[in-house]
Amino acid sequence: MRFLIVLLAIAGIIDSALALRIHYQDPAAAAPCAVTEKFDCGAVNHSRFAVFPPTSFDEDPSSKKIHIPVATLGIVGYLLIGILALINRSWLTLQASEIGFAFAAFLSYMEAFIIEKWCIYCLWSQAIIAAILLCTIVWLILNHHQRRAVVSP
């Protein structure tokens, strides 16, 4: 199960890297995933919420404030989850995947109700982190049943 989690984490890294590419793309260029008025990765990845912390409306573009692209946080998060699963740390993998799922759910809320546009890469990321979370829960249950089988004759 942990190797499936690692494979899903690699898929998440690739997905986040594609979103990061859109983030750094010229906003005037049409994003390859701008397919309808509601599905526009360019609009989502160039919004003020595409960085953490979000930029403020009155922020000077030349300010020295550090803003990290959300896609970069996704890459780091998926990398951490993959490493934790690879070194067989099931509880830490669960904690990291819960945090990732909550973060992705919040971003989906932002897309639905604040930006009012959807990013295909973000939706894929939401599906990947949900799959990772479910696989991690199954992994923990299987580990628990194995330990119970070994302890009780």
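Analyst: The model is a predicted one, and the questions below take its terms in turn.

User: What does the chain consist of, read along the sequence?

Analyst: The chain has five helices and two strands. In order along the sequence, the pattern is α-α-β-β-α-α-α. Its C-alpha atoms fill a box of roughly 65 × 35 × 25 Å along the principal axes. Of the 153 residues, 36% are buried.

User: Why are helix 1 and helix 3 called roughly antiparallel?

Analyst: The axes of helix 1 (residues 2-24) and helix 3 (residues 70-86) cross at roughly 165° and come within 8 Å. An angle over 145 degrees counts as roughly antiparallel, and therefore helix 1 and helix 3 are given that description. The crossing of the two is left-handed.

User: Which residues make the contact of helix 1 with helix 3, and how do they divide by class?

Analyst: From helix 1 the contact includes Phe3, Ile5, Val6, Ala9 and Ile13, and from helix 3 it includes Ile75, Tyr78, Leu79 and Ile81. By class, the residues of this contact are 15 nonpolar, five polar and one charged. Arg2 of helix 1 is among the residues in the contact, and Arg belongs to the charged class.

User: What makes helix 3 and helix 4 roughly antiparallel?

Analyst: Helix 3 and helix 4 pack at about 160°, with their axes 9 Å apart. The term applies to angles over 145 degrees, so helix 3 is roughly antiparallel to helix 4. Their crossing is left-handed. Among the residues that meet are Leu73, Leu80 and Leu84 in helix 3, and Leu92, Phe103 and Leu107 in helix 4. The contact of helix 3 with helix 4 has 10 nonpolar, two polar and no charged residues.

User: How do you know that Tyr78 is buried?

Analyst: Tyr78, a residue of helix 3, has a relative accessible area of 5%. Buried means under 20%, so Tyr78 is buried. Leaving aside neighbours within four places in sequence, Tyr78 is in contact with Ala9, Gly12, Ile13, Ser16, Ser125, Ile128, Ile129 and Ile132.

User: Is His23 buried or exposed, and what is the value?

Analyst: His23 has its place in helix 1. Its relative accessible area is 16%. The cut-off for buried is under 20%, so His23 is buried. Beyond its neighbours within four places in sequence, His23 is in contact with Asn45, His46, Ala50, Val51 and Pro69.

User: Why is the pair of Tyr109 and Phe113 called tilted?

Analyst: A pair of aromatic rings is described by the distance of the centres and the angle of the planes. For Tyr109 and Phe113, the ring centres are 5.1 Å apart and the planes are at 45°. Centres must lie within 6.5 Å for a pair, and planes under 30 degrees apart would be stacked, over 60 edge-to-face. A search of the whole structure finds one aromatic pair. Both residues lie in helix 4 (residues 90-115), four residues apart, about one turn of the helix.

User: Where does the backbone have a positive phi in a residue other than glycine?

Analyst: Most residues other than glycine have a negative phi, and most peptide bonds are trans. Asn88 has a phi near 65°, and Glu116 has a phi of about 60°. Asn88 is in the loop between helix 3 and helix 4, while Glu116 is in the loop between helix 4 and helix 5 (120-151). Asn88 has a relative accessibility of 44% and counts as partly exposed. Glu116, at 46%, also counts as partly exposed.

User: Which residues does the cis peptide bond join?

Analyst: The cis peptide bond joins Phe52 and Pro53, with omega about -10°. Pro53 is in the loop between strand 1 (51-52) and strand 2 (68-69).

Notes
Residues numbered from 1 in each chain as written. Predicted model: local features only at pLDDT ≥ 70, side-chain atom pairs only at ≥ 80, totals over all residues. Heavy atoms only, no water. Axes fitted to C-alpha atoms, helices over the stretch in contact; angles between N-to-C directions. Parallel < 35°, antiparallel > 145°, perpendicular 65-115°, else oblique. Left-handed = near helix turned anticlockwise from the far one by under 90°. Contact = heavy atoms within 4.5 Å. Buried < 20%, exposed > 50% of the residue type's maximum accessible area, 1.4 Å probe, protein only. Phe/Tyr/Trp six-rings, centres within 6.5 Å; stacked < 30°, edge-to-face > 60°.
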